[in-house]
Structures are given as structure tokens and as C-alpha cells.
Amino acid sequence: MTLLTTNLANLPLVHRGKVRETYAVDDRHLLLVATDRLSAFDVVFDQPIPDKGAVLTRLSAWWFDQLAPLGRSHFVSADPADLPEEARTPEMAPRSMLVRRAERVDAECVVRGYLAGSGWAEYGRTGEVCGHPLPTGLREAERLPEPIFTPSTKAEVGHDENISRTQLADLVGADLARQLEERSIALYVEGARRAAEVGLILADTKFEFGWIDGELAVIDEVLTPDSSRFWDAANYAPGSSPQSFDKQFVRDFVASSGWDKEPPAPRLPDEVIAGTRDRYVAAYERLTGRSWEAAA
């Protein structure tokens with residue numbers, strides 16, 4: 001079962017993002033629905049990835065529970081019994097979660113524990129990543145001496161832009177910037193520890209935060225294949241780009257196709273769609289220890 005878009009007639013649509021659609025439930029709660037849409041290089045593809053939305057929702061719900069001791073989140077429940085009646089259908093329930101309304105902090109909070117992706121590219125040019133000087137001679141995918149906080153802007157359309165910690169402080173204030181860095185690093189460290197227990201490496205990830213009742217809370221999704229780069233520790237070797245349990249499979253395909261990363265997105269072969277779906281499900285099963293067939 002796949003879902004590209006939703007329509008809940010009795011709930012007002014608040015926002016339609018690249019992947020998620022948000023509905024108003026009441027003055028304190030929202031319904032967050034993850035579709036099967038795929039976004040890569042900030043372009044949404046026409047073809048869905050089966051089960052993707054359900055994986056994102058169920059894995060986020062699991063992580064919110066695991067990370068609760070580290071601070072507040074917006075998560076309330078993913079139990080169908082707690083969802084609005086419109087979302088209790090077999091199609092909607094697996095991909096829906098009830099969350100608290102929050103005043104979003106307009107920044108992406110990225111933590112990198114390994115040198116990969118845009119960080120690797122920047123390091124090759126400057127020897128730094130987002131203002132963090134790094135040792136010379138590091139290889140692609142090499143573990144960093146310690147996790148680094150590399151925030152970016154939060155763009156509604158187009159590309160997010162990496163910024164320094166100083167720029168973040170100018171944007172949101174020094175005290176909040178410090179809180180965002182401390183919370184993000186703590187969440188990454190705990191996520192990496194739990195991933196390591198099941199033979200996975202959490203190379204990097206991003207978090208979003210908002211204010212709820214005067215408290216800083218984690219919002220949106222956490223430590224999913226959409227927001228994180230997971231590698232299999234058994235096959236890890238610095239000096240190349242490791243196979244990852246995320247949409248890097250799609251990025252690699254479209255990069256090799258010669259696509260200019262501007263809309264419209266190219267068509268994906270069936271094997272790329274199936275391979276991406278398998279990677280998302282594998283991440284869920286490895287991290288939670290639960291069978292996807294049993295959860296579905």
C-alpha cells in the first residue's frame with residue numbers, strides 16, 4: 001500500500017511538506033502524516049516508495065520513547081486508538097502520529113560523527129566543516145575526533161544552507177544556540193550508542209526543535225532513514241562511501257544519470273524503488289528488533 005498525498009475532509013490541512021502533511025486536531029494537537037513521497041536534492045519525486053511513510057512514523061515513535069529521558073518532544077501517541085477517527089483507517093493509521101503544537105525554531109540542527117556527504121566535500125575544499133577545523137589527512141567516511149554540530153537554515157522551498165555556530169547565535173540568540181547544540185549532541189550520542197548495539201553506525205543526523213509550554217522540545221522526526229545516515233558496521237571501511245540505509249541509494253542513481261538536480265525529477269527504475277524500500281525496512285528492523293511484517 002502506497003500513499004502520495006492525503007485528504008482528511010474533517011481535519012483542516014495546516015501544512016503540506018515534501019514528505020509530511022500536517023492537520024489541525026485542536027488548539028493543542030496536530031496530526032502528522034508521513035506519505036510515501038521521496039525527496040532528494042530538495043526535489044520531490046513522482047513515484048512513491050512503498051511503506052516509507054509507515055517506516056518513518058513507526059521508527060520515529062520508537063525513538064521518541066527511547067530518547068524521552070533526554071528531554072521533551074512533541075510526540076503524544078501513534079496508537080490508532082488515540083488518533084482522530086479519520087486517521088484510524090488501515091491506510092492512515094500506520095503513518096500517523098498525534099503531536100503537540102510547537103513554535104518551531106527556524107534552524108536545522110545537524111550533528112556529524114563521520115566525514116561524509118556535503119561535509120566531506122567541504123573538507124576537501126577548506127579542511128573545515130561548517131567552521132570546525134579538522135585534522136589533515138582524513139579520508140572519506142572517517143570517524144571524526146568527536147561529533148560536531150553543523151546547523152543549517154530551514155528553507156520552506158529550495159536548499160537549506162549550512163551556517164556556522166556564530167551565525168546560528170546571530171539568528172536565534174546565543175543562549176538558544178547553546179541549548180540547541182547541547183541537546184543535539186546528546187541525542188546524537190545516545191542514538192549512535194543504541195545503533196552500535198545492533199551493528200549500525202550513525203554517521204550523521206539532523207534534528208528540529210520547537211517551544212512547547214515554554215520548554216524546548218524535539219519535533220518532526222528523529223533518527224529515521226530520511227533524517228540520518230546509517231551504515232552497516234560490519235562493512236564499514238574509511239576511504240570510500242559506505243552503503244547506507246537511507247535514500248543515498250536514490251541519490252547515487254540520479255547522480256550517475258546526469259540529472260541536474262532541478263525539477264522535474266527523473267523516473268526511477270523498479271529496482272531502485274524496491275531497493276530503497278528494502279533499506280528503509282531494514283533500518284527499522286535492525287534498530288527496533290521488530291519484524292516489519294509483524295508491525296505492518
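**View 1. Proline 264 in the loop between H5 and H6.** The peptide bond from proline 263 to proline 264 is cis, with omega near 0°. This is a predicted model, in which local features need pLDDT of at least 70 and side-chain atom pairs count only at pLDDT 80 or more, while totals for chains, interfaces and linings use all residues. Residues are numbered from 1 along each chain as its sequence is written, and side-chain values use heavy atoms, with hydrogens and water left out. Helices (H or I, at least four residues) and strands (E, at least two) are DSSP runs, numbered from the N terminus. The loop between H5 and H6 also holds lysine 261, which has a positive phi of about 70° although it is not a glycine. Most residues other than glycine have a negative phi, and most peptide bonds are trans. Lysine 261 counts as partly exposed, at 37% relative accessibility; buried means under 20% relative accessible area, exposed over 50% and partly exposed in between (1.4 Å probe, protein chains only).

**View 2. Packing of helix H5 (residues 248-256) against H6.** The two axes come within 9 Å and cross at roughly 155°. Axes here are lines fitted to C-alpha atoms, for helices over the stretch in contact, and angles run from 0 to 180 degrees between N-to-C directions. At this angle H5 and H6 are therefore roughly antiparallel to each other; angles under 35 degrees count as roughly parallel, over 145 as roughly antiparallel, 65 to 115 as roughly perpendicular and the rest as oblique. H5 contributes Phe249, Val250 and Phe253 to the contact, and H6 contributes Glu271, Val272, Gly275, Thr276 and Arg279, where contact means heavy atoms within 4.5 Å. By class, these residues are four nonpolar, two polar and two charged. Ala, Val, Leu, Ile, Met, Phe, Trp, Tyr, Cys and Pro count as nonpolar, Asp, Glu, Lys and Arg as charged, and the others, Gly among them, as polar.

**View 3. Packing of helix H1 (residues 52-66) against helix H6 (residues 270-288).** The axes come within 10 Å and cross at roughly 20°, and H1 and H6 are therefore roughly parallel to each other. H1 passes H6 in a left-handed crossing; a crossing is left-handed if the near helix is turned anticlockwise from the far one by less than a right angle, and right-handed if clockwise. On the H1 side the contact is made by Lys52, Val55, Leu56, Arg58, Leu59, Trp62 and Trp63, and on the H6 side by Tyr280, Val281, Tyr284, Leu287 and Thr288. Nine of the residues in the contact of H1 with H6 are nonpolar, one is polar and two are charged.

**View 4. Glutamate 285 in helix H6.** With a relative accessible area of 29%, glutamate 285 is partly exposed. Apart from neighbours within four places in sequence, glutamate 285 is in contact with Arg290, Ser291, Trp292 and Glu293. The C-alpha atom of glutamate 285 is separated by 23 Å from that of tyrosine 114, 171 residues apart along the chain.

**View 5. Helix H3 (residues 165-172) against H4.** These helices pack at an angle of about 125°, with their axes 7 Å apart. H3 and H4 are therefore oblique to each other, and their crossing is right-handed. Arg165, Leu168, Ala169 and Val172 in H3 meet Ala174, Leu176, Ala177, Leu180 and Glu181 in H4. The contact of H3 with H4 has seven nonpolar, no polar and two charged residues.

**View 6. Glutamate 190 in helix H4 (residues 174-197).** Glutamate 190 counts as buried, at 19% relative accessibility. Not counting residues up to four places away in sequence, glutamate 190 touches Leu67 and Leu70.

**View 7. Two buried leucines in loops between strands.** Leucine 138 lies between strand E11 (132-133) and strand E12 (143-149) and has a relative accessible area of 15%. Leucine 138 touches Leu115, Trp120, Tyr123 and Leu144, leaving out residues up to four places away in sequence. Leucine 223 sits in the loop between strand E14 (215-219) and strand E15 (228-232). Its relative accessibility is 0%, and its phi is near 50°, a positive value in a residue other than glycine.

**View 8. Cysteine 109 and cysteine 130.** The structure holds zero disulfides, a disulfide being a pair of cysteine sulfur atoms within 2.5 Å. The sulfur of cysteine 109 is 12 Å from the closest cysteine sulfur, that of cysteine 130, which is too far for a bond. Cysteine 109 is buried at 1% relative accessibility, and cysteine 130 is buried with a relative accessible area of 8%.
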